[in-house]
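Please keep the 3D view open as you go through the points.

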Amino acid sequence: MIGPGGSCALRLVGVIAVLAALPGGARASGTGGGWAGAGIVQARGGPYLTDDLGRRLELHGVNLVAKCGGGARPAQAAGTPCIGPATGPRLAYVLSPASRDPARRFTASDARTLARLGFNMVRLGIIWEGLEPGPPAAAPDDPRYCSPHRRGTPFPSLGRANPYDPATVRAYLVRTDRIVALLAQAGIRVVIDMHQDIWGSAFSYAAGTTPWNGEGAPPWATCSGKGRVRLPTSWGDAYQVPAVQQALHHFWANDVRADLQGQFARVWQAVARHYRDDQDVLGYEVVNEPNDFLSRRFNSELQCDYGGIVHEPRSCAVSRPAALHDGLIGAIQAADPTHVVVFEPSGATDFGAPETIGITEPLRFQNVALAFHVYGAAATQLRQTMKERARTGTGQAGGPAWIMDEFGASNHAPGAAARTVSLAAAANLSWTYWAGFQLDDPTAADPFEALINQRTRQPYPALARALAVPYPWATAGTPGPQSFDRVTREFNYSYVLNRRIEAPTEIAVPPYTYPGGYTALVIGARVVSAVDAPVLELSAEGNAAQVSVTVRAVR
């Protein structure tokens, strides 16, 4: 290595440090790889998440969501979607390293496969019904929960019908902990995502060539109106069914006896308290793809529900839901003020509809991040969302961090995935691909949309080449332009140094993409990691103000 402004070519080797998991609450934190010293990740303002060392982060990964109920079985249709009741003898809405069923299994080997692909983040789904199934006899439209509630009056006590059981919540989170621990041992952290599709398990279609099963809300929280429900053969079309729309509306309007948002918030608070001091958790995503098709002002309604009357008075006055006092975000932050809370705009934005949360009225919270999904024209959506994020007002100077936490699915062709990843790289944007494993997904947009084969547990090569790219994991300064050529496997990156940050800049160099090793040509810094290390570490040198690095494959 030569002095400031000089260059060096260095061949690098090493291994990801793997930490052994300890039982129960004594689980060791996954601090290997690029997470060493990172602490609990924050959204301090501006587009990037940051670590305790002050570095700006770029995170890559996949979605991992167990959508199968305990009584569900794989259908004969393509992709073997799991169809059947939520209750039964099998694992419900959670994965296990010991399961014989490949759709309900996730092991240390699977976590290492994700790490070998260069990933440092997983969006890990949890399911409301798994946490709070309620009394066994509770069914949709049960009047104990679904009777109308008059706005402005206190919600009644549910007495013995109260669906919340602390022991059930704890048991579900203990199972979730096992997956968090396996990922942490491989150097991967998680965003905990409260997932739903088609509201919940009360809605399913078992016949035909495309059977499907909703997941998310428990039956007791499904207030869909009485009468016969005719469901379509395609799960996406189910959102146009009046009963499904009613169930969604009653939650977001919070206008039934059970105080559905209050119940949802109580469960979220239990989750947040459980992970409050956990460095391996990046944050909490309030709910997947929120929608209320019966509200004419859903963007205002959603912002009111997120922030409550105290924080979002204009949005609440316009839409008038019976929102919680401090909203769903406020409820989560009351239980855990440390972790990032991730919010999504309306599900309509998945296909390019404009995002308005925090734009028409500030979303008055700190430490929040905007998550969005790209299932339309990727280039257009990314340009639009970048502009919208810049206009989004929050309690943070510079607005929320942003994460593209779903893309792929029905648009999972390797070429399309590669183009989206390249567009994200141009914005130094964090992302998680949908999906890591198929897991007998009963609401899949395509029967074979996963990165990793559910049976062989190996990545599909073409898709892996699209997604397993080098990237600046943690930048000790201001990120600059990056590029990657998938043919030559040459990666280029430059950034402006922040001399107040003593920690090294770290670049993920996936072993999957560089099986024969790599060289690193660096100007303005020196390499401090081992040869061929999966995380290339660069320490500022001399008086250099800017660093540039070129990574090339050895063979």
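Predicted model: local features only at pLDDT ≥ 70, side-chain atom pairs only at ≥ 80, totals over all residues.

Residues are numbered from 1 along each chain as its sequence is written, and side-chain values use heavy atoms, with hydrogens and water left out.

**Terms used**

- Helices (H or I, at least four residues) and strands (E, at least two) are DSSP runs, numbered from the N terminus.
- Two strands count as paired if DSSP finds at least two bridges between them.
- A disulfide here is a pair of cysteine sulfur atoms within 2.5 Å.
- Buried stands for under 20% relative accessible area, exposed for over 50%, and partly exposed for values in between (1.4 Å probe, protein chains only).

- In sequence order, the bonded cysteines of the protein chain pair as 1-2, 3-4, 5-6.
- Cys 68 and Cys 82 form a disulfide with their sulfur atoms 2.2 Å apart. Cys 68 sits in the loop between β4 (60-64) and β5 (73-74) and Cys 82 in strand β6 (residues 82-83), so this pair ties together parts 14 residues apart in sequence.
- The link of Cys 68 and Cys 82 is left-handed, with -100° about the S-S bond, and both cysteines are buried.
- Cys 146 is joined to Cys 223 by a disulfide with an S to S distance of 2.0 Å. Because Cys 146 lies in helix α3 (residues 143-146) and Cys 223 in the loop between β10 (212-213) and α5 (242-253), the pair ties together parts that are 77 residues apart in sequence.
- For Cys 146 and Cys 223, the torsion about the S-S bond is about -75°, so the disulfide is left-handed; Cys 146 and Cys 223 are buried.
- Cys 304 and Cys 316 are joined by a disulfide, S to S 2.0 Å. Cys 304 belongs to helix α7 (residues 298-311) and Cys 316 to helix α8, so the pair ties together parts 12 residues apart in sequence.
- The link of Cys 304 and Cys 316 is right-handed, with 100° about the S-S bond, and both residues are buried.

- Ile 507 stands opposite Leu 536 in β22.

- Strand β17 (residues 477-485) pairs with strand β18 (residues 490-497) in the antiparallel sense over 7 bridges, and Phe 484 has Phe 491 in β18 as its bridge partner.
- β17 and β18 form a hairpin with 4 residues between them, and Arg 489 in the turn has a positive phi of about 65°.
- β18 also pairs with strand β23 (residues 546-553), in the antiparallel sense over 6 bridges. Tyr 495 stands opposite Val 547 in β23.

**A residue in helix α8**

- Ala 317 is found in helix α8 (residues 313-319) and is exposed, with a relative accessible area of 55%.
- Ala 317 and Glu 301 are 16 residues apart in sequence, and their C-alpha atoms are 9.2 Å apart in space.
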